[in-house]
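Here is a short briefing on a structure with its sequence. Please keep both in view while reading.

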Amino acid sequence: MHAGASELMESTVTRVGWFYLIASVVNVIAAVRSWRKQRKPAWTIAWLLVAAVFGGLGGLALGHSPLVLMPESLKAAADATLGPATLTLGCFATLVVLYLGRRFFVIPAVGWAMLNASWLFLGLSMTDAEFAAVVGMADNLPIVAMVYLLAFFTWWGAAQAVENDRRLKRGSPPLEKEHGEKVLVWPDLVYTELICMVLATAVLVAWSLVLKAPLEQPANPVVTPNPSKAPWYFLGLQELLTYSDAWNAGIVVPCLIVLGLMAIPYLDFNRQGSGYYTIRERRFAYLVFQFGFLQLWVLLILIGTFMRGPNWTFFGLYGVRDPHKLSALENVKLSDCFWVTMLGRGVPQVPADAGLLVKLGHVFWREIAGVVLTALYFIALPPLLGRTVLRSFRRRMGFGRYTLMVFLLLAMATLPLEMFLRWTFSVSYVVSMPEYLLNF
Amino acid sequence: MRATEKTYYSIRRLHLWMAASSLALLAVTVWALIADHTRQWKQYQRTFQDRIQPWMTQARIAEEQGRESPDEEELGRLRQVLSRQQPSLGKRLLRLPLIDALGRPLAAEQIWLPELTIDYNFRRVARFDRCVTCHQGIDQAEPGRPREPALRPEEVLSVELTTAGRAPEAGENGAGQKTPPSLEGVYGLVLAEQGILDPSAVTIERVLPKTPAAEARLTAGDVILKINDQEPIDRAAAQRHLLEEAERGRAPTEGWSLQLEIRRGLPQPYSSHPRPDLFVGSMSPHPMSEFGCTICHEGQGSATEFKWASHTPNDPGQREQWRGQYGWFENSHWDFPMLPKRFAESRCLKCHHQVTDLEASRRWPDPPAEKLLAGYQLVRQSGCFGCHEIKGFDESGRSIGPDMRLEPSSQEAVRGVPPGTMRKVGPSLREVAGRLDAGFLDNWIGNPSAFRPETRMPRFFGLHEHLDGVSLAEAKRFEAVEIRAITEYLLSTSRPVELQAPPPEVTERPSAQRGKRLFEVQGCLACHKHRDFPRGQATQGADLSQLGAKYSSQAGAAWLASWIRDPTRHSPRTVMPSPLLTPIPLEAEYGDATSQIPNPKSEIRNPKSEIRMTDPAADIAAYLLEGRGWQPKARAPLNEGDLDELALLHLGKVYGEKLARRYLKEGIAESTADRVQGDAAELRGEMTVEKKLRYVGRRTIGKRGCYGCHDIPGFEDAQPIGPALTDWGRKQESLLAFEQIDEFVEPAVPAGAKQSGAARLAAAGTAAPSDAPDQGFFLDALLAHRREGFIWQKLRAPRSFDFRTAAEKDYNQWLTMGRFQLSDQQREAIITFVLGLVAEPPASAYVYRPDPREKAIVEGRKVLEKYACAQCHTLETERWTFEFDPAKFEDPPPVPDYDFLRPRVSPEQMTASLKTDNRGLGSAEVAGMPRVDAQGKLLIVDEDQDEQGRAVYQYSLALWEPAVIHGKVWTVGGASPLVCGPEIVEGRLAAGRVDVTKWGVRLTGIRPPVGGSLARLLYPVVLAEARASGRGPLEGEAWGWLPPPLVGEGAKVQPAWLHGFLLAPERIRPSSVLRMPQYNMSAEEAGKLVDYFAATSGVEFPYSSHARSRSGYLEEMERQRPHPEGTRLEQALKLLTASGTDCVKCHLLGDYRPGSGAGATLAPNLERVGRRIRPEYLRRWLANPKTVLPYTPMTVNFPPAGPPLEPEVFGGNATEQLDAIMDLLLNYDRYLGGRTSIRQLVPPAIGAAANRSEGKQ
């Protein structure tokens, strides 16, 4: 643990060197391609420059030069800035910027530049032992791959959508219509599938040769691993547990997600944009998906995977995973805020040996603020929205469909709301009825 | 839409993609095959099968061929084996990738152990060990030598090769042609074309017998690394170099020699397990097929690659080497990492719960688990179990490990069955006020080693290396109070002492001069040390050099004398025996050196005479009280403010601060006293400083666990304070509080303002971290938060885990463990023992269950250890091994003797003794006592020098066991073999070489005796005293005045007698200088000892009887051999007392005592023989005493040859006379009974009445 750090550096820095060299070679290829196919000398020169930078870095890293190490000050600054709140807000802001500037970002050269930037970030960060340990863990490798795949497909989809939007504006059919989508089963489909099968097999065999199965010790009921992490695809839900009650995050939210996804076909009234990529024609669907999937699902998985350490404490990308790190967690219930802070009285006590109804009444009285707020949120907001922002929706969808959609949207919005309540007011539960296992 | 021939994708490009991906798939498939083919274990197996096995067989063939008469059958068999082992085409085919999946000859081998389960938390699952997959030759022993591994582990040695000292001569081949000189001709060695593992290594293929190479003990397979410090480049260069050196040998001196550095054996995983007779071998107690590997070694048995098997490096150097060589890493995911070599013995405890069964024995003379035993002894002697429970049973009463619980302090306190048996190691403090004053106690408690540097008591106060600032000041203030408080508590609770008055007949005042002599010869040195007697090195008891400074008061001095008289009176549980000292008359010669030789007058004393009597106990006490030289530090005045503060800390925890303050100010009123419980009871009534001190003292004793070692009033029912060690070896490392230890020990502490722990440790006198392998290993373990590191640091600086956390805690919650004075080695031994406490016994079939005889030995050893019997008595004699040249070794002179005295020698023993090695030398092992001179030093029979001017000594050893040397039987009591060797320093052979061809014999090894150090210590002393008084005894006779060796004691004495003797020893030999003291031993313990001796001597036990005491035996003998003059016993008695047989010249018999004999020549009273001695032993003894006890002065009284003695008194030959004497001695009670008439004592009236009542019926 202590003595191993230097050797880890040695081997990691060598690996980073090779990584840079590969990046350099790929950029040379990009330069050649941009020269021969696209005839864009400016880009060619730019990629050659990037290749030179990567090549130089690779050489330095292979020579174990300390110059390739990420500066400690940068690490400290990054760790000081990063927190669940900044990350979530930052992600939201990024999504907004990407959406607004989508026409710029889908330019291939811009995409390529962003990819290069991410490689540089990865290369620099890998020289940090903690980062290398977390990212290089055999379990986390698929997630790193997933990040890149997701980014690529989002970018590609957006690129096609932007192109189609442009075409639709011009009055020409979308790309998909123009090419016609019909292909022959043989050879087009079957042959391609066969090639994919062969390649996938080769990749899997190579992967299995290089990386061992990440098995750990036999499970011990009295010694659980610290942190105990769910499978990667559930880490988002596990992250939700930090903000919400187990019952809520573990049962209510997943059920609503499934129900909501099932309801989409019945809620969708937009007849445009079917069968081709477009943003302009399906703006509402696009934004809800981007926010719901990337922000509320993928980001939480990434936080759970890379940023949560022992005791489920938040660590910066380069922070030492110290099991003794203290993080102050103050939990306040809304009822406490209401009775104690605002009214300056004690929280009403529930008589212990009262009858069922009396007890229920007391509990409701205690939680009156939360209950009222929740009721207002779910009952008063939909008509209000229906008269203002979502008027056209209400008109076109009818009362039932509209109410269901708004309920689902509001339920989705409770997640960021709960997160913000926690960060800003340390409020854990709006309604807290532990007597009936109900906490929201 | 109609199908067209047009495709969406370009078919040509798809073809290219297909081709490329297929190639990729092919490439990864080939990669997979290569990865599989080059798997570590397959490479190991190929090397083992292709290179090592044929090599081994070839070497065996060469060895067989080199014999004088090779065994052709064996040779044929070996050749067949070799042809099977040679790599063949078929074998190669079968080892190709994929084909090798058939399972032979390459196969992952595993041992399936359904009984030896492994704990996977949710269930216990069968073990399967695949270790043999790589360690192929692990279970092979050398053919014919089960103790030697067939494939020796790798080692580098230096050997001396003698050259011929002349130019190498050309040889001649079969056709009569001259051939150039060869190594074979010059040295008798042949170099192999290729090395075993490394083809270019210069490897010896064959060594011819009786050549310089054989003389240098080179063997086939040795790799020559250096010749006279020069590295040979290759085989040819080595050959040239060796031949050149042979020629050069002519020049300077005769016998010029060559230094060769050689590498012998094979590296892991090829070499065999050491000591295959004990482990792994199929004939050993732990055969591999039944035990597997991981049950002892731990590690991941299912792994077939080095790094996954959880091998654990033994030191940082090895760790780095493994990292580079095997890609080793610390696998934290395997819960049972392999034990590093240094702790390999600890797992013996899993099955050997008695621990003493791991001691060296006749069958395994090399201790099987030396370090573990050392750890056990240290734990036993240091009293670790006083604070840390070591429980040997689980809830269901199943044995799970060694049981070292304290014995209960009272019958009521017995919890669990059976109760603990260990005694508290410290002295009882119940009457401490009667012997020690407050000044001494303060000093002693504060720092015991200041008064007694080697004390076993740990240091509890002044361990401040981990403290600084406020904590340090707090520690200093409160510790001063605590010391005072403990002293006050002990003194105030001490009970009054009842001294044992000196015997009434004593007339003389105590004399230190007499005391000194008595201290030396009365056996005190068996357990205690004193600076006046530097040769005594016993550590059983305390060093008594400065006792005068300890018992400086009048009362203390009186107590000491009383204690020596009868320790049990003062402490019923002490292990110190009562020395049974009786008053000694002050004679004219008392004052000179002979005084120690007991005088008959001390034996049979007339109390009415005017003899002036001295009290030996008072003399010894007077002598001991002279030892001073230590000055106590003056007591510092008590700071009452600190006392109040500390008392408040304790009291506030129970009663809250407010009430506590009131109690401390006013005391606890009697009216509310019944509400007060526990230690606060000390505060009842009016408040005084003493009461506060007593309260704090009591709390401190409870907090620091003083009662774990000492019997302290008020703590009879207190439980051990420390965490139990019962399963510490498996304790989860996450439960150990490492706290800030990293910063404390790591030399490179960031932010250099604070002194690093390393520097602190160094300043505190504890070894500082260094690059030493051991230190490095433990530091690594500590920083990696492994348990071996934790315990190491705990033993080194027990409180250092409080570093920086002390400031956060209340003073009373600081760590309290004291620091023991241990060397690095001792610490490691203790760690080995504690790591073995895993409370995880395997299936009951595997737990060691001794048979009754072994059990008796195991149990007996514990009693022997408890009472330190081996300090005085030799339990096993010394053993010497030597090699000899059969042509020059002299045979023993023939001795005429009785048939039944002749040793039984099996034909196998005889053949084995005739075996010679390839130098033509034989070897032998003999057991006995080396002859010593008057100074107690090894007797040098002769001394000479070899050519290099090195001294060669000749020693002699009196045999205690018959030996077979080169086909000749050497009997006990006969001639002693003379052995040459280099100097023997403190029982070890000094370095040096002795030329066997010249001297004929060479000592090669000495196994020291077990026990008897006191006897060896006193031998020169009593001899000198006897000489000074003008009585020069026979050689060795003085041994008879000292504690006798107990070798074969079980065969000598009758169990019932021994049992009685152990409980109430009587004086047997009038000539002995000291007598057996009376131990505070239970009848059960005495029984265990009796059984132990019977079991070790191989005689029947627990009961025995003999034919000669059966009823009817005497009548039968009378019928067979009638004696006209009287009964058989009468005649035997006449023979015994006749002048021709010398019996009564020395022996006492009944009320008879040889007239002129001085104490030293008096022999035991014969009337006890029948109760004491076993008949078989008696017979041998009478026939030839020296065959039983080589040093005895008793002579052969019934010579087997020649005419019988006193034929007119008792007819028949010597054997018959012997039998008659035996019958008399064994039936002496019956004989005497027959001489006494009871009838005359009974009044006639009663007799008549009895007759009448009979008549009525």
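The points below cover the model, its interface, its cores and some local details.

This is a predicted model, in which local features need pLDDT of at least 70, side-chain atom pairs count only at pLDDT 80 or more, and totals for chains, interfaces and linings use all residues. Residues are numbered from 1 along each chain as its sequence is written, chains are lettered from A and ligands numbered from 1 in the order in which they are written, and side-chain values use heavy atoms, with hydrogens and water left out.

**Chain A overall**

- Chain A has 17 helices and four strands. Helices (H or I, at least four residues) and strands (E, at least two) are DSSP runs, numbered from the N terminus.
- Its C-alpha atoms fill a box of roughly 80 × 65 × 40 Å along the principal axes.
- Of the 440 residues of chain A, 35% count as buried. Buried means under 20% relative accessible area, exposed over 50%, and partly exposed in between (1.4 Å probe, protein chains only).
- Take the contacts in chain A between residues at least 6 apart in sequence: 71% of them join residues at least 24 apart. A contact means heavy atoms within 4.5 Å.

**Interface of chain A and chain B**

- Here 30 residues of chain A are in contact with 32 residues of chain B.
- The size of an interface is often given as the accessible area lost when the parts come together.
- Chain A and chain B bury about 2800 Å² between them, and 72% of it is on carbon and sulfur atoms. Buried area is the accessible area (1.4 Å probe) that two parts lose on being put together, summed over both.
- The count of salt bridges between chain A and chain B is zero. A salt bridge is a side-chain nitrogen of Lys or Arg within 4 Å of a carboxyl oxygen of Asp or Glu.
- Six residue pairs are in polar contact across the interface, both residues at pLDDT 80 or more. A polar contact is a pair of N or O atoms within 3.5 Å; within protein, one must be able to donate a hydrogen and the other to accept it, and residues adjacent in sequence count only if both atoms are side-chain atoms.
- On the side of chain A that touches chain B, α10(A) gives the most, with 14 residues.
- By class, that side has 21 nonpolar, five polar and four charged residues. Ala, Val, Leu, Ile, Met, Phe, Trp, Tyr, Cys and Pro count as nonpolar, Asp, Glu, Lys and Arg as charged, and the others, Gly among them, as polar.

**Nonpolar cores**

- The largest nonpolar core has 101 residues. Phe519(B), Leu624(B), Ile701(B) and Ile712(B) have the most contacts inside it. Such a core is a set of buried Ala, Val, Leu, Ile, Met, Phe, Trp, Tyr and Cys residues joined through side-chain atoms within 4.5 Å.
- Helix α31 (residues 1013-1028) of chain B gives the most to this core, with nine residues.
- Apart from it lies another core, of 45 residues, including Leu373(B) and Met404(B).

**Buried sites in chain B**

- Asn443(B) is in helix α12 (residues 438-446). Asn443(B) is buried, at 12% relative accessible area.
- The side chain of Asn443(B) reaches the backbone nitrogen of Lys633(B) at 3.0 Å.
- Val996(B) is in helix α30 (residues 996-999). Val996(B) is buried, with a relative accessible area of 0%.
- The C-alpha atoms of Val996(B) and Leu921(B) are separated by 8.4 Å, yet these residues are 75 residues apart along the chain.
- Helix α36 (residues 1128-1137) is mostly covered, with seven of its ten residues buried. Those buried residues pack against α35 (1113-1120), α37 (1143-1146), α40 (1214-1226) and α41 (1228-1235) of chain B.

**Backbone details**

- A cis peptide bond joins Asn226(A) and Pro227(A), with omega about 0°. Pro227(A) sits in the loop between α10 (185-210) and α11 (235-241) of chain A.
- The peptide bond from Arg104(B) to Pro105(B) is also cis, with omega near -5°.
- Trp312(A) is not a glycine but has a positive phi of about 55°. Trp312(A) counts as buried, at 15% relative accessibility.
- Ala839(B) has a positive phi near 50°. Ala839(B) is partly exposed, with a relative accessible area of 26%.
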